[in-house]
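Welcome! Let us take a friendly walk through a protein model together. Please have the sequence and the structure open as you read.

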Amino acid sequence: MKKVITIARQYGAGGRTIGLEVARQLGVALYDRDVILKTAEASNLITPEEAREWDERIPRDIGLSESLFGIYSRPLSDKMWEAQIGAIRQLADKESCVIVGRNADYILREFDHILRVYLYADKEWRISHMLTKIPGATRSQIETEMHSVDKARSNYCSKHTGQTYGLADNYDLCINVGKLGIDRAAKMIIDAANEI
């Protein structure tokens, strides 16, 4: 039976790292913004020109010089939102996978083979974690980035879904990565996925 794990996360809570490990251990693909955009284009949900236009607005090397806030605050047209919905649903219909971000938990809310995960950690843990991920960054820069991205993700979610980002009621499993660690969080997700 297909199993799809969606991962929503706070900035710096290790969402992509954990998602990659879960996907690796389960032997499934991990999908994020880039793959979802390509799927939407390949499925004729958007034109190649629309995909290119949107893609060109997203920085290739995301770091402190180009905040993730810019990605979330850029307008996402209704057509692009619908294309994203179509692409995520196609992926979930087709195969077992891990989907990081993109409000996939909401988009797939009617599917029965979904595990919706939310990852969070306290501020100090997230800052420390990101300092190891972005060499040369200062604590102040990370803190500013963290605040901007968390706010932008919350606004993005609210605008497109009407839900509150990070509200436990919207997920099947919420994990405090700062308390449990990355490896244990990945194991908890895998154990829970094996039960659906």
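## The protein as a whole

Of the 196 residues in the protein, 48% are buried. Here, buried means under 20% relative accessible area, exposed means over 50%, and partly exposed lies in between (1.4 Å probe, protein chains only). This is a predicted model, in which local features need pLDDT of at least 70 and side-chain atom pairs count only at pLDDT 80 or more, while totals for chains, interfaces and linings use all residues. Residues are numbered from 1 along each chain as its sequence is written, and side-chain values use heavy atoms, with hydrogens and water left out.

The protein has 10 helices and five strands. Helices (H or I, at least four residues) and strands (E, at least two) are DSSP runs, numbered from the N terminus. If we take contacts between residues at least 6 apart in sequence, 72% of them join residues at least 24 apart; a contact means heavy atoms within 4.5 Å. The protein exposes about 9,700 Å², and carbon and sulfur atoms supply 48% of that area. Accessible areas like this one come from the Shrake-Rupley method with a 1.4 Å probe, and for residues only the protein chains shown count as cover.

## Salt bridges

How many salt bridges does the structure hold? There are 10, each being a side-chain nitrogen of Lys or Arg within 4 Å of a carboxyl oxygen of Asp or Glu. One of them pairs Glu 21 with Arg 24, with the closest N and O atoms 2.6 Å apart. Both residues sit in helix α1 (residues 15–26), three residues apart, which is about one turn of the helix. Glu 21 is partly exposed at 23% relative accessibility, whereas Arg 24 is exposed at 56%.

Another salt bridge links Lys 123 to Glu 143, where the closest N and O atoms are 2.4 Å apart. Lys 123 belongs to helix α7 (residues 123–133) and Glu 143 to helix α8 (residues 139–161), so this pair ties together parts that are 20 residues apart in sequence. Lys 123 is partly exposed, at 37% relative accessibility, and Glu 143 is partly exposed too, at 27%. Elsewhere, salt bridges with shared partners join Arg 89, Arg 109 and Glu 110 into one network. Within it, the closest N and O atoms of Arg 109 and Glu 110 are 3.9 Å apart. Arg 109 is partly exposed at 39%, and Glu 110 is exposed at 56%.

## Helix α8

Does the length of α8 agree or disagree with what its 23 residues should span? At 1.5 Å a residue, the helix should span 33 Å, and its end C-alpha atoms are 32 Å apart, which agrees. The expected span is 1.5 Å times one less than the number of residues.

The buried residues of α8 include Ile 142, Met 146, Val 149, Tyr 156 and Cys 157. Among them are also Glu 145, Asp 150 and Arg 153. Just after α8, Gly 162 takes a positive phi of about 75 degrees.

Most residues other than glycine have a negative phi. Which value does phi take at Arg 102? It is near 65 degrees, a positive value in a residue other than glycine. Arg 102 is found in the loop between β3 (97–100) and α6 (104–107), and it is buried, with a relative accessible area of 8%.

Asn 103 also lies in the loop between β3 and α6. Although Asn 103 is not a glycine, it has a positive phi of about 60 degrees. Asn 103 counts as buried, at 4% relative accessibility.
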